[in-house]
Every structure is written in C-alpha cells, then in structure tokens.
Amino acid sequence: MRDDLSQRLFGDNAVLVTAHIADHRDSLYPSELAIISGAIEKRALEFSTGRYCAHQALRALVVDNFPVLRGKLREPVWPENIVGSISHCRDIAGAAIASTSQVRSIGLDIENRKQINPDIARHVCTEKENNWLQTLVTSQRNDAILQIFSIKEAVFKCIYQASGAQLRFTQCQITHDMQNNIVKAIIQNTELPIQQNELTVYSYFTETHIFSSAIWHYLPAVG
C-alpha cells in the first residue's frame with residue numbers, strides 16, 4: 001500500500017490510495033450515497049472515487065465498515081483516532097489517512113499539470129513568493145505557481161483538520177531551496193502559532209499531475 005508516491009509524499013506517516021475517476025457508487029454506504037443523491041454525474045463520479053480510495057486506505061489500517069461522511073465545510077469525517085484528507089482533479093482522486101498516534105493531521109492535494117493564468121499569483125502568492133517567481137524563467141514559473149497553490153491547499157486542509165482554523169493564501173509562506181530541493185511552509189498567523197519543525201510539506205510532479213502533502217507533526221517531548 002505504501003507505494004513510491006505514498007513514500008514520496010508521506011513516508012511512513014500515512015497510507016495513500018489513488019484511483020482514476022470512475023463510477024464507484026456501488027462501493028458506497030447508503031449514508032454516503034445520500035450525500036450525492038442530487039449531484040450531477042461528474043460530481044457523483046468524483047465523490048464516489050474519493051470515498052472508494054478512503055475505504056481502501058482505512059482497510060489498510062484495519063478500519064472497516066465506516067462511512068466517510070461530511071463535516072460543516074464539506075470536509076470528510078474520519079473515525080476516532082484517524083486523520084485524513086481526500087483530493088481529486090479532473091481524472092484522479094486520492095485519499096490519505098494516518099493514525100493520530102503518529103501525526104496531528106495531514107493534508108493532500110492533487111492538481112492536473114496544466115497551463116494556468118499567471119495572474120492567479122496575485123491572489124495566491126505573498127509578496128515574497130511573487131518576488132521569487134520573478135527570478136524564474138517563464139517555463140519554470142507556471143509550475144512554480146501551481147506548486148505554491150497545491151502545497152497551500154494541502155496545508156489548509158491539514159491545519160483546518162487539527163485546529164478548525166481557515167487560513168487565507170497570504171497566511172502561508174512557501175519557501176524554496178532549489179539547490180537542495182527542499183520546500184517549506186511557514187504559517188503567518190499570530191493566532192495559530194506553529195513552529196516550523198511541526199509542519200512538513202512535499203510535492204511531486206509527474207508529466208501530467210502534481211501531488212502535494214502536508215503533515216503536522218507533534219513536537220518532540222522535552223526532557
């Protein structure tokens with residue numbers, strides 16, 4: 001279950017399952033089917049594939065017969081002592097789950113690797129991030145903007161799951177160490193102090209997609 005992609009994004013901290021978008025409604029629990037009873041076909045396929053992945057991931061942690069319902073902001077609701085995240089793009093869905101004995105929370109984001117409007121950087125990026133983007137050649141800039149967006153989406157899911165805080169794009173600063181291929185996320189919200197070593201982010205590009213993860217670790221015990 002912990003394949004190469006899972007290892008790249010979460011290491012041994014979580015179980016990740018991905019699948020191509022398809023009709024998995026026959027695998028849903030009645031309470032999950034009720035959520036999409038009036039949904040359009042596209043939404044029903046996305047939802048059913050995401051829940052299918054979630055069920056497979058839960059079974060890897062020996063959790064079965066658990067419908068993954070929705071919270072007040074449409075976030076998935078997991079069993080006690082389990083944290084997780086579901087994401088989908090146009091053609092792929094995925095679910096990642098972990099035990100709270102391992103981490104405080106996790107976040108997952110999947111995006112199609114596509115040409116995006118560079119103007120989105122004005123809304124997604126901080127001043128520092130925009131300054132860094134200007135140092136890149138045009139061919140690098142598109143992927144960099146997409147990476148910043150995707151990592152922040154994963155971070156926001158991770159933070160909300162553990163704290164209930166809903167962050168704005170400018171409250172998360174992504175820094176890049178291109179030489180050592182290290183990406184870091186720093187939360188710029190004084191009401192939500194998170195030490196830098198508590199939050200780990202990763203992203204991985206394929207030819208067609210970008211996958212991003214965020215892991216909120218517990219601080220090591222002192223003494």
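Which helix holds phenylalanine 149? Phenylalanine 149 belongs to helix H6 (residues 138–163).

The model is predicted, with local features requiring pLDDT of at least 70 and side-chain atom pairs counting only at pLDDT 80 or more, whereas totals for chains, interfaces and linings use all residues. Residues are numbered from 1 along each chain as its sequence is written, and side-chain values use heavy atoms, leaving out hydrogens and water.

View 1. Apart from neighbours within four places in sequence, phenylalanine 149 is in contact (heavy atoms within 4.5 Å) with Glu111, Val124 and Phe169. Its C-alpha atom lies 9.9 Å from that of histidine 123, 26 residues away along the chain.

**View 2. Open sheet of three strands in the order E1-E5-E4.** Helices (H or I, at least four residues) and strands (E, at least two) are DSSP runs, numbered from the N terminus. Pairing, which requires at least two DSSP bridges between two strands, is antiparallel in this sheet. E1 (15–20) and E4 (82–88) are edge strands with a single partner strand each, so one side of each has no neighbour in the sheet. Seven bridges join E4 to E5 (residues 92–99), and serine 87 stands opposite glycine 94 in E5.

**View 3. Helix H3 (residues 41–60) and its packing.** Buried residues (under 20% relative accessible area, 1.4 Å probe, protein chains only) of H3 include Phe47, Cys53 and Leu58. The buried residues of H3 pack against E1, helix H2 (30–35), strand E2 (69–70), strand E3 (76–77), E4 and E5. Just after H3, valine 62 has a positive phi of about 60°.

Notes
Expected span 1.5 Å × (residues − 1). Buried < 20%, exposed > 50% of the residue type's maximum accessible area, 1.4 Å probe, protein only.
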